[in-house]
Amino acid sequence: MVVTDCHADVLAARAGDTEARDRLLAALWPRAFRLAASIAGDPQLAEEAAQDALVLIAARIAALRDAEAYPAWSASIVVNAVRSARRRTPRTGPLPATIADGAFEDATAARLDVMAALAALPQWLRIPLVLRYVDGLTSREIGAALGAPSATIRFRLALGRRRLAALLSDPASPAQEEYAR
Amino acid sequence: MNDPGERLRDAAFQLTVPPFPAARIAQRLASPRAPVRGAGGWAPLRAVALSGAIVVAAFAAAPPSRQVMSDAMVRTIERLTGQRVREVRPGEALPRSAHVHTRFPVVVPRGFEITDTLATDNGATLTIHDRKLGVVMLQERWATIPPSKLEGIGIHEDGSIRRFNVRRWTIGKIAFSVTMFDPHYHDIAERIERATRAASR
């Protein structure tokens, strides 16, 4: 995982080294943006949320007790920043029309298909999938980030994969299933 | 490539990442304001201030009674013990544990004869008379307080010291437990659990 290379910077930033903190933030930026964009499905909102997350991480890094927990900890901050940003600018549809219309100018049709299918999933399935496949976190780390048991995360991942596969093979199929949350 | 996870990963890594906004983040970090505006702006602060004002006004209108035991609590204990309960007067020196006892909301299982109740360190012990097994002890305590390490060995009603199992359940903030010396106790423990759940509804 990319973030484990930053272990020394995490320790230094936690001790108050501002240069290490800045390096950490710069290294985290692409990851935070990808996470936020995958969850939010909106690049503008993702950029705003990723910025919020980085500011929070910089402000709170001194309180991080276990440097090993940095990947899950930072992921949880990004996820919460996306949720806050979405609450500030609520969206009614699963995916903004601007994306489907090509807001990502270099986007391929296949990527849009995946992102549209992902956006059709409910958040409680979408977020674990993104944390696993985009961020590379383990079920345990995802559980720590989302405050859920790892067994629950494994169930959500399995269900999310199945729904995502169904949506990718037949985009018209409904995202809802008989499972209760 | 059919695996949806791999397709998701590839799609995410094809995203065009905007340049790192170092200046913007440095500016926000240097700003004395809160780094991130909450979802409701000042609404949470307003709600907290309003709640505080309401509490202050309520206390001003009706100062809290210094009575430690509620009337319902006194009635419950009297009904359970068949004895008159003396109410603690304000200003009396009370150990902290006694304060906890008097505020503990004893749950009385419906349909059982309660022959005695005893305040314990963190709750109460009800003595239940069962026609089949004789005496069964129902422990009730605050669920937030861990059980004693001494549980697991006790004195049977025949006077012998035995190991026992404990059936535990929790309803709201109260943790219940019944000691079971042999398999016959499982039945009564199950019935007591159902009765306490019925009483707590």
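Biologist: Taking a contact to mean heavy atoms within 4.5 Å, what share of the contacts in chain A with a separation of 6 or more comes from residues 24 or more positions apart?

Modeller: In chain A, residues 24 or more positions apart account for 65% of those contacts. This is a predicted model, in which local features need pLDDT of at least 70 and side-chain atom pairs count only at pLDDT 80 or more, while totals for chains, interfaces and linings use all residues. Residues are numbered from 1 along each chain as its sequence is written, chains are lettered from A and ligands numbered from 1 in the order in which they are written, and side-chain values use heavy atoms, with hydrogens and water left out.

Biologist: And what is the figure for chain B?

Modeller: For chain B, 45% of the contacts between residues at least 6 apart in sequence join residues at least 24 apart.

Biologist: Turning to helix packing, how do H2(A) and H4(A) cross?

Modeller: Their axes come within 10 Å and cross at roughly 50°; H4(A) covers residues 70-88. Axes are lines fitted to C-alpha atoms, for helices over the stretch in contact, and angles run from 0 to 180 degrees between N-to-C directions. Angles under 35 degrees count as roughly parallel, over 145 as roughly antiparallel, 65 to 115 as roughly perpendicular and the rest as oblique. H2(A) and H4(A) are therefore oblique to each other.

Biologist: Is that crossing left-handed or right-handed?

Modeller: The crossing of H2(A) and H4(A) is right-handed; that term applies if the near helix is turned clockwise from the far one by less than a right angle, and left-handed if anticlockwise.

Biologist: Which residues meet there?

Modeller: On the H2(A) side they include A:Leu24, A:Leu28 and A:Ile39, and on the H4(A) side they include A:Val78, A:Val79 and A:Arg86. The residues of this contact divide into 13 nonpolar, 1 polar and 2 charged. Ala, Val, Leu, Ile, Met, Phe, Trp, Tyr, Cys and Pro count as nonpolar, Asp, Glu, Lys and Arg as charged, and the others, Gly among them, as polar.

Biologist: What about H7(A) and H9(A), at what angle do they cross?

Modeller: H7(A) (residues 123-133) and H9(A) (residues 150-169) have axes that come within 9 Å and cross at roughly 95°. That makes H7(A) roughly perpendicular to H9(A). Among the residues that meet are A:Trp124 and A:Tyr133 in H7(A), and A:Gly160 and A:Arg161 in H9(A). By class, this contact has 8 nonpolar, 1 polar and 4 charged residues.

Biologist: How many residues of H7(A) are buried?

Modeller: Of the 11 residues of H7(A), 9 are buried, so the helix is largely enclosed by the rest of the structure. A:Arg126 and A:Ile127 are among the buried ones.

Biologist: Changing topic, how many aromatic pairs are there over all chains?

Modeller: Rings of Phe, Tyr and Trp (its six-membered ring) pair if their centres lie within 6.5 Å; planes under 30 degrees apart count as stacked, over 60 as edge-to-face and the rest as tilted. By this rule there are 4 aromatic pairs over all chains. One of them joins A:Trp29 and B:Phe20, a tilted pair with 6.2 Å centre to centre and 55° between the planes. This pair crosses between chains, from A:Trp29 in H2(A) (residues 18-40) to B:Phe20 in the loop between H1 (4-13) and H2 (22-30) of chain B.

Biologist: Why does the pair of B:Trp169 and B:Phe176 count as stacked?

Modeller: The ring centres of B:Trp169 and B:Phe176 are 5.6 Å apart and the planes are at 5°, so the pair is stacked. Both B:Trp169 and B:Phe176 are buried.

Methods
Helix = DSSP H or I, 4+ residues; strand = E, 2+ residues; numbered from the N terminus. Buried < 20%, exposed > 50% of the residue type's maximum accessible area, 1.4 Å probe, protein only. Contact = heavy atoms within 4.5 Å.
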